[in-house]
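Reader: I am new to this structure, and I would like to know what its labels rest on. Could you walk me through a few of them?

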Amino acid sequence: MASGQPVRHKGVTIHATLRHYEPAFAERQWRISGVLAVVLGAAVLFGWYAKNATLVQIHSSFVPMQFNTALCFLLCGFGVMFLDRRPKLVVATASVTIVISILTLGEYFFGVSLGLDQLFMQHYITVETPDPGRMAPNTAMCFTITGTALVVAARSNARAVRTIGGLALMVVIIGSVALIGYLFSLKTSYGWEGYTSMAVHTACGFVALGTGLFLVAWENGLNEHGVAAITSMFGAGALIVLWHVAALHNALEDALISRSSTAILDRSLNGTVALVAVAGLLSTSAIAIVLRQLRMNAASLEHRVVNRTRELASQKYALDEHSLVAITDSSGEITYANDKFCKISQYSREELIGQNHRIVNSGFHPHEFWAKLWKTIATGNVWHGEVCNNAKDGSKYWMDTTIVPLQDVDGRITQYIAIRTNITEHKKTEDALQVAKTQADAANHAKSEFLANMSHEIRTPMTAILGFTENLIENDLSEAEKKSCVRTTQRNGENLLAIINDILDLSKIEAGKMDAKRTSCEPCAVIAEVCSLVRDHADAKGLAFNMEYEGAIPKTIQTNAVRLRQVLINLIGNAIKFTETGSVRMVTRLDNNHDEPCMQFDVIDTGRGMDKDSVSNLFQSFTQADYSTTRSFGGTGIGLSISKRLAVLLGGDITIVETEIGVGSTVRATVATGSLEGVKMLDDPLSSTAVAQNEHPQSNLKALRTDLNGLRILLVEDGPDNQRLISFILKKAGAQVTVKENGKLALDNALAERDAGKPYDVILMDMQMPVMDGYEATRMLRREGYTLPIIAITAHALHGDRERCINAGCNDFMTKPLDRPKFIKLILDYTHDQQQRPDTDLIETPLRLPLQGCRILLAEDNPTNLLLVSGILKKSGAVITAVNNGKLALDTALAARDRGSPFDIILMDIQMPIMGGDEATKLLRDDGYGETIIALTAHAMEGDREKYLEFGFDDYETKPINRAKLIENISAYFENREIIVAHG
């Protein structure tokens with residue numbers, strides 16, 4: 001911090017002009033003392049050479065400074081001057097000084113003369129001196145001490161501050177005593193000749209050198225030991241005073257013996273003056289040291305206070321920049337609020353000061369939250385938590401808050417400091433993640449339910465398809481039975497295809513690739529076709545189905561007829577599915593009350609109705625109203641979702657107009673009509689619908705069977721069953737068919753026939769085959785210049801599959817399973833000739849295991865599966881009792897047991913109306929039913945077997961039914977039971 005720069009702290013300006021001890025100032029002082037010593041020594045030496053008595057003696061009554069003394073002053077002065085720069089020079093000069101002074105003391109002690117005073121030169125000045133050129137003993141002692149202090153300072157890098165300070169203090173005291181002796185004639189009054197014999201300017205030189213060395217010690221930390229230095233000074237001063245008192249006592253005794261009052265007065269006065277002078281000098285020195293120490297401590301303290309204030313100001317600035325800070329008094333009133341708090345709360349500082357924090361209370365937290373907070377901080381503890389506040393405009397924001405109570409020396413809380421961090425975005429992200437997690441969990445649950453339900457929906461028709469196909473292999477079926485098997489197989493195949501189409505449609509819609517191109521179509525014709533398709537279903541359930549119109553209907557509208565038909569069939573089929581008694585009707589009208597006219601189709605049923613929760617989930621993918629709906633009525637749960645999305649694609653929507661449990665529902669579908677300008681309006685649309693229905697073309701397979709006469713077709717298909725089926729269709733239509741099972745064989749055969757001048761009229765190419773697939777075979781044919789038609793025949797029906805086939809070189813695309821009329825019509829667009837390859841049949845012998853006398857209770861709600869399984873078991877000799885729900889199975893089984901003739905085996909479907917097989921089995925086991933119960937279900941997910949065994953089932957059979965495995969499994973339980981009964 002620059003000197004004089006002000007620092008703001010809570011409104012007070014502190015000037016950083018520090019009056020503390022400056023090392024540079026001390027350094028100048030002790031260097032000055034060295035310079036003075038050098039000047040003094042040089043002046044006296046010059047006086048000796050120049051024979052100037054004034055420089056050597058100053059006054060004729062004073063003791064002269066000897067030549068060796070001046071030389072030692074010169075050496076010590078240089079040592080002090082270069083103490084921190086030339087430590088080797090310092091040691092050398094100090095060592096010479098110590099040698100000279102010690103040798104001089106030796107001369108005095110042993111009474112010899114070493115000739116040191118004649119070492120350099122003879123004296124040219126006649127002065128009164130005890131020995132020519134010899135320094136006084138106290139002078140030699142001072143130089144010994146001074147030299148030692150310089151060596152210690154140079155060798156220890158001036159760190160032995162106590163030693164240096166003590167030695168320097170001794171030199172100052174000895175020099176001061178000599179000066180006092182001159183000032184108060186102590187030499188003549190008290191016989192202090194040994195201590196005042198040094199020259200007066202020698203004494204002054206020692207005071208200067210001692211002071212310089214003391215400053216050296218002070219600079220290097222003596223201020224930390226100031227008390228020890230002061231104690232040393234007072235100790236030395238006390239010795240001098242005691243010595244003076246003793247001398248005064250002797251003088252008084254001499255005066256009393258001589259009975260001279262004048263001598264007594266003179267000696268007392270002189271002694272008192274000397275005592276006062278010594279005491280004053282020592283006191284002044286001590287006070288000066290104390291004051292200087294206090295000034296240094298005060299300056300150091302002020303320096304620390306300023307630095308600490310600056311640190312606190314910086315910390316406060318950093319805190320204010322990072323956090324929202326507010327301070328309240330002990331009652332909770334705001335006394336300080338920083339800018340960030342004002343900004344986020346939207347209140348000015350003036351609006352906040354004096355207010356309670358209730359000014360930003362959002363009401364989000366309950367009373368217990370605030371009570372716990374105040375209880376924590378009121379007891380002196382820190383509180384930390386998340387708080388939702390209200391800004392001035394009513395918006396909410398979240399704060400991560402820490403409240404710290406501050407206490408006085410008595411432990412009373414004086415204020416609270418609240419430090420907050422804005423976590424609003426974090427909370428939003430957290431809430432979004434929680435919503436996403438909830439949605440993901442729901443989606444995962446829906447997926448699991450969907451997979452389980454889809455397994456049931458797919459396996460149920462597959463059971464019928466595989467089972468009745470197996471029945472067709474039987475040789476003892478009548479023509480009527482065979483036709484019944486074929487019709488059942490066909491019907492279940494169509495159901496299975498509808499499920500697959502629904503899944504594919506949903507996939508296309510979610511990918512945004514659903515084709516919903518709008519063209520001109522007649523709504524009455526679409527309605528007529530829909531009615532003809534759903535009426536049989538309604539009649540089969542004994543429901544009345546009616547179609548009504550309200551007002552005039554446009555003859556044509558701009559929409560997609562295929563998608564509109566799909567929507568209406570879905571809605572009406574759904575209504576028939578969930579209606580057991582009563583009626584289903586569709587009311588059609590034109591709605592002109594919006595910017596764009598639209599057609600409205602209300603499907604009204606007298607079915608089971610729905611609650612609000614069911615309605616909210618109704619249009620979500622893979623969900624139905626509830627689990628009981630799936631159990632009772634089946635379905636994939638995607639029909640309404642597809643219908644709603646298709647309606648949106650057609651410019652409309654599907655909504656629930658009204659619904660009531662046990663009364664029924666009204667579902668409304670709307671589609672945009674496009675512009676109706678110039679379009680004829682039908683006042684009697686019902687009659688137009690009847691005409692359109694009568695004119696609806698019907699398929700005529702018999703006429704198509706001869707449309708392919710003479711065509712030569714290469715069928716490339718690796719599946720034997722598909723080879724036989726497609727060959728059968730083509731041959732019935734009059735074509736000659738050659739079959740190849742992979743792309744490599746097809747490539748070679750097609751090129752060979754072309755080169756022989758007998759090219760195929762059409763190549764039907766499966767795309768997924770071993771050795772070489774259809775894509776590669778088609779590309780290679782085109783590279784070989786093959787230009788005749790190639791039609792892709794594939795089970796791939798997802799978005800992009802058609803484009804992939806066309807890009808490979810195919811002319812067209814047909815998905816499996818094949819629609820016969822469309823298939824034959826497509827081939828007719830590419831007419832050519834071909835040869836015929838004989839068909840082959842695979843003959844399988846069904847496995848039949850006897851169950852003669854086995855009494856079986858079959859619980860199955862699906863009539864087709866009930867007929868199939870019953871037929872299998874009856875042909876194996878079993879006696880079958882059939883029920884269509886779990887409640888009847890429970891009652892029938894318990895009644896048979898109570899009559900003493902329990903069923904040998906119970907085959908229990910899991911998913912049935914009224915009561916499922918799992919619940920019925922659990923109730924049977926709870927009632928002590930001990931006979932064999934086998935689960936018979938389309939559910940085949942991992943963990944299902946263990947779950948059903950926990951319900952009390954003995955075993956588990958999945959649909960589609962494996963006839964041999966089913967009979968073998970039942971036979972094992974039946975035979976085991978017969979053994980137990982026989983040995984009962």
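Predicted model: local features only at pLDDT ≥ 70, side-chain atom pairs only at ≥ 80, totals over all residues.

Reader: What makes E14 and E15 a pair?

Author: Strands are DSSP runs of E with at least two residues, numbered from the N terminus, and two of them pair if DSSP finds at least two bridges between them. E14 and E15 (residues 664–672) share 7 bridges in the antiparallel sense, so they count as paired. Within E15, Ser665 is the residue opposite Thr659.

Reader: Why is E14 called an edge strand?

Author: The open, mixed sheet has 5 strands in the order E9-E12-E13-E15-E14. Strands E9 (544–550) and E14 (653–660) each pair on one side only, which makes them the edge strands.

Reader: Which strands does helix H18 lie across?

Author: Helix H18 (residues 561–577) lies across E9, E12, E13, E14 and E15, at about 20° to E13. Angles run from 0 to 180 degrees between N-to-C directions, with axes fitted to C-alpha atoms, for helices over the stretch in contact (heavy atoms within 4.5 Å). Helix H17 (residues 523–540) runs at about 160° to E9.

Reader: How much of the chain is buried?

Author: Of the 984 residues in the protein chain, 45% are buried, meaning under 20% relative accessible area (1.4 Å probe, protein chains only).

How values were computed: Residues numbered from 1 in each chain as written. Heavy atoms only, no water. Helix = DSSP H or I, 4+ residues; strand = E, 2+ residues; numbered from the N terminus. Buried < 20%, exposed > 50% of the residue type's maximum accessible area, 1.4 Å probe, protein only.
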